[in-house]
Amino acid sequence: MELCCSGVVSGGGGVAGAGTPRAQNSRTPPGFLTAPPRTRPSSRAGCRQLAAPPSGERVGRPGDAGNVVHMLRSAAAADPAEALELFRSVARQPRVAHTTESCNYMLELMRAHGRVGDVAQVFDVMQRQIVKANVGTFCTIFGAVGVEGGLRSAPVALPVMKEAGIALNAYTYNGLIYFLVKSGFDREAMEVYKAMAADGVVPTVRTYSVLMLAFGKRRDAETVVGLLGEMEARGVRPNVYSYTICIRVLGQAGRLEEAYRILRKMEEEGCKPDVVTNTVLIQILCDAGRLADAKDVFWKMKASDQKPDRVTYITLLDKCGDNGDSRSVSEIWNALKADGYNDNVVAYTAAVDALCQVGRVDEASDVFDEMKQKGIVPQQYSYNSLISGFLKADRFNRALELLNHMNIHGPTPNGYTHVLFINYYGKSGESLKALKRYELMKSKGIVPDVVAGNAVLYGLAKSGRLGMAKRVFHELKAMGISPDNITYTMMIKCCSKASNADEAMKIFSEMIENRCAPDVLAMNSLIDMLYKAGRGNEAWKIFYELKEMNLEPTDCTYNTLLAGLGREGKVKEVMQLLEGMNSNSFPPNVITYNTVLDCLCKNGEVNYALGMLYSMTMNVCMPDLSSYNTVMYGLVKEDRLDEAFWMFCQMKKVLAPDYATVCTILPSFVRSGLMKEALHIVKEYILQPDSKVDRSSVHSLMEGILKRDGTEKSIEFAENIASSGILLDDLFLCPIIRHLCKHKEALAAHELAKKFENFGVSLKVGSYNALICGLVDEDLIDIAEELFSEMKRLGCDPDEFTYHLILDAMGKSMRIEDMLKVQEEMHNKGYKSTYVTYNTIISGLVKSKMLDEAINLYYQLMSEGFSPTPCTYGPLLDGLLKDGNVEDAEALFDEMVECGCEPNCAIYNILLNGYRLAGDTEKVCELFENMVEQGINPDIKSYTVVIDTLCADGRLNDGLSYFKQLTDMGLEPDLITYNLLIHGLGKSGRLEEALALYDDMEKKGIAPNLYTYNSLILYLGKAGKAAEAGKMYEELLAKGWKPNVFTYNALIRGYSVSGSPENAFAAYGRMIVGGCRPNSSTYMQLPNQMLNLCHTIRSLRGSSLPSSLSVFLLLLT
């Protein structure tokens, strides 16, 4: 009860057990200070007047404190004055002393009765008898003189106490300062110290040490050094502890020279530095990057009588590891062992951690094993150090083994263990795995802190998964965890990656409101994102706010602004800002120049860019490859190919062209038909033995040529390479084959391969696989089989992927027997059936309407120990759901989960679609929410199925909510999603919203298809807006779409509803002339008079009419 005083007002006492004798207990109760036992007169129980004790009886033992308080309480019940007299009487006894408990009781009693003068007397007794005061003592006195606010109000209370005659002595001042510091009230403690000095009371070394330690923890070097000076001025000689505190805080402030001056002064004053002082010196030297000096101190300690202790060794080990000093880590560890300090888990863990820091994880693992062999049990932090080392070395499996060992044998992984894996996943670009580990950590009952939250947000920010990041962010706040600077910065970066400027500004505003100061990195990210979002004015506003936030712009800040201005085409402003950088002592670096060069070249100022490139060397900033590549790009863009080639030749004299150089210049030569120059680059920089351009790089290069120059020019380029004989390989042909197959032109790719055979180019397995895959996708199974036979005949052995493609082809064509023969051939060639093989066969069986056989194969495989994957279950679930066997599908899904096969997004999409087909809207929504709760990120297909289901069920507003959610998640709606909502909105008569969505999809570059136009024409017509429907019809024709019967029916209906029979008749005529056959619905849409006309025309068939009219009528009917 040290922090409160006795509660006399309640009558029950403020100390547990007050008034109750402590039988057979001679220990001093905590917080009480008793005088040495002295024999004195005893009292009879219940008497207020003390009488002489029997011979040999002693009063005032620790156990009697409660008796004194009991007597005081009894006296107080009659009259506080009697209690005060009794208190004084006890104080006068030579063999009994008051305790903190009895004094606090009397102080509270006098305070409660407003007897301030008596409070002063009681406190005076306390000080004279050196009774220990506690927090409760001071709070009671402050309250007695009318000062509220508890202990923190000490500076205010002291002068009031002085006026009331309550003065503190050195012992009590020291106690008050100690309690203030212990409670975290350092500033108030300093004010009490100043009052103490003003009263002429000399503080002790302990007082100074307490204050110096407190302000040292705050890294307030000025105050600490000032206290040392005052200490000496008052004649208080500093001890080794005082000097050491000063050295530490000066070192932490980077003031090493002053720290060394204190050290020299310490030695001059005869105060010899001890082990702690030297250890502190080692630490601050290491922190200042002076590892060599720190090691000198260590080896001097080894040679002196102040030998390094365990803390010294561990400190230096840790610092050597942090600085990557591998040799010193070994030396210090060996010295530690030689001195016998390798006898506990802390020392071993320090060694493990240091070895991991310098990348020697195998040795760290050996030290870890040695620790266990010595019977020292590794703790959580021991495992965490080794796991961290393995993860940094990218040896994930070893780290996972350790984690599994902890889960089975202990110690239980803590939050930091999980954070290590979250960090690893995030930095590896596997944000979903990071999130999954985060959720697993929570499921283990570990409450995440801000570090764990920041770790998972890092991965989500890197991948731009804004929806998930927002969920983690809001969850942290809901748990009472305050986001810090890093949290907000990660959220801003995530918004930037997801191109959501509004959300970023909202988070930035919250950051400022919560007084969480952003750093310049966060501001740079915000500026960059705003510029990319086309909000340059806001970006500049943020830039101007940097000064208000006491933040200095960096090179990156200026480069971001330059890039933004460049994207806006503001060349003049770019040049002005570049000049401003020089005047503001921010000399441009090579990145700055490259940014400006990019701006100039993209905005038609290539000549200016050439001048700047040549002037860079004058500004002591040598151009790099990017500089040359940028200007060459500008020249190529303006078709100044001779100059581009000249620059290329000049550049290669000083810099070796890289892959980007080749990608810059080669496609332009191909496009312009400069095949000679193109072949020169191929020979000199791609086909050389020392070239760093590998097969995958060539494929990427060819993809770029295909994209920029088109298929025809790319084929011409590849033909030139083959016909020249410089490369009879499919290196340049394979990407073209892949490109054609990807665009559903597998037959053209097949013909091209045949053509290149005449040049002597033979296909490798990669090209064959691309061709076979494309042919199978287009259901050209026979040609795919021919190619399969051809490659075997020509000695190009099929690989595992080839066989899987052919298995898939057999499955698609429902040739199960042939599929099994291919599997047998695959085995004969030495390829074992893998899960991919079996999944392909199961899928083929389902496609062949042999669902029962597929399920039987699945169970047979399971009985043989097969490990299924989501691709195993996908076809089976799809088959069951499409057959209407929902219960069987649910049972199989439950079995999948029980087997430990975690469902992925594709599995959930199959289930969602199955429930959609079954018309179970509630189940679709429930399953979608469950999917999100499981940490599985829905894709666009997931959202599309849900939106389709809701629209079909008439819940359009709910569908629109999910549409907004998918955009918030950073997903881009596709054509199907837009079509569903446009149809739903049109059907509900919400045409303005439907047209707004139509405009939105066009802005995003999503081209509407015939279904889009048909929906809009239909519902515009139904709403009587035939003119708008007609415009839609004209637009679809302009876009190259061929109207179908539904288009014309919708158009005719619109004109009919709007009372425009002549336009309806014209639409019907266009339909007939266009070769689109009407259906029964067409005639139902026609106006009545037109319907009668059609019947009349039919009746006139065969009669003698003019030939031209006969032809017209024939067209109409």
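Me: Let's start with charges and rings: which ring does the charged end of Arg-437 sit over?
Reply: That would be the ring of Phe-421, and the charged end of Arg-437 is 5.3 Å from the ring's centre. Keep in mind that this is a predicted model. Another case to look up is Arg-206, whose charged end sits over the ring of Tyr-178, 5.0 Å from the centre.

Me: Which cluster does Tyr-178 belong to?
Reply: Ring pairs join Tyr-178 with Phe-138, Phe-142 and Phe-179 into a cluster.

Me: How do I read a ring pair, then? What describes it?
Reply: Two things: the distance of the centres and the angle of the planes describe a pair of aromatic rings. Counted by the pairing rule, there are 33 aromatic pairs here. Take Tyr-424 and Tyr-425: their ring centres are 6.1 Å apart and the planes make 65 degrees, so this pair is edge-to-face. The cut-off behind that call is an angle over 60 degrees.

Me: And those two tyrosines, are they buried or exposed?
Reply: Buried. Tyr-424 has a relative accessible area of 15%, and Tyr-425 comes in at 10%. Under 20% is what counts as buried.

Me: Which residue pairs with Phe-543, and in what geometry?
Reply: Its partner is Tyr-558, and the pair is edge-to-face, with 5.9 Å from centre to centre and 70 degrees between the planes. Phe-543 sits in helix α28 (residues 536-548) while Tyr-558 is in helix α29 (residues 555-567), so the pair ties together parts 15 residues apart in sequence.

Me: Now pockets. How much space lies in the largest pocket, and which residues lie nearest its centre?
Reply: The largest pocket holds about 880 Å³ of space. Its lining is made of 30 residues, and Glu-902, Pro-903, Tyr-908, Gln-934 and Ile-936 lie nearest the centre.

Me: Which elements give two or more residues to that lining?
Reply: Look for α22 (431-443), α47 (886-898), α48 (905-917) and α49 (921-933). Of the elements, α22 gives the most to the lining of the largest pocket, with six residues.

Me: How do the lining residues of the largest pocket divide into nonpolar, polar and charged?
Reply: There are 13 nonpolar residues, six polar ones and eleven charged ones in the lining of the largest pocket.

Technical notes: Residues numbered from 1 in each chain as written. Predicted model: local features only at pLDDT ≥ 70, side-chain atom pairs only at ≥ 80, totals over all residues. Heavy atoms only, no water. Phe/Tyr/Trp six-rings, centres within 6.5 Å; stacked < 30°, edge-to-face > 60°. Buried < 20%, exposed > 50% of the residue type's maximum accessible area, 1.4 Å probe, protein only. Helix = DSSP H or I, 4+ residues; strand = E, 2+ residues; numbered from the N terminus. Lys NZ or Arg CZ within 6 Å of the ring centre and 35° of its normal. 1 Å grid on protein atoms, 1.4 Å probe; cavity = no way out; pocket = protein on both sides within 12 Å on 5 of 7 lines; lining within 4 Å. Points joined across faces, edges and corners; volume = space filled by probe spheres on them. Nonpolar A, V, L, I, M, F, W, Y, C, P; charged D, E, K, R; others polar.
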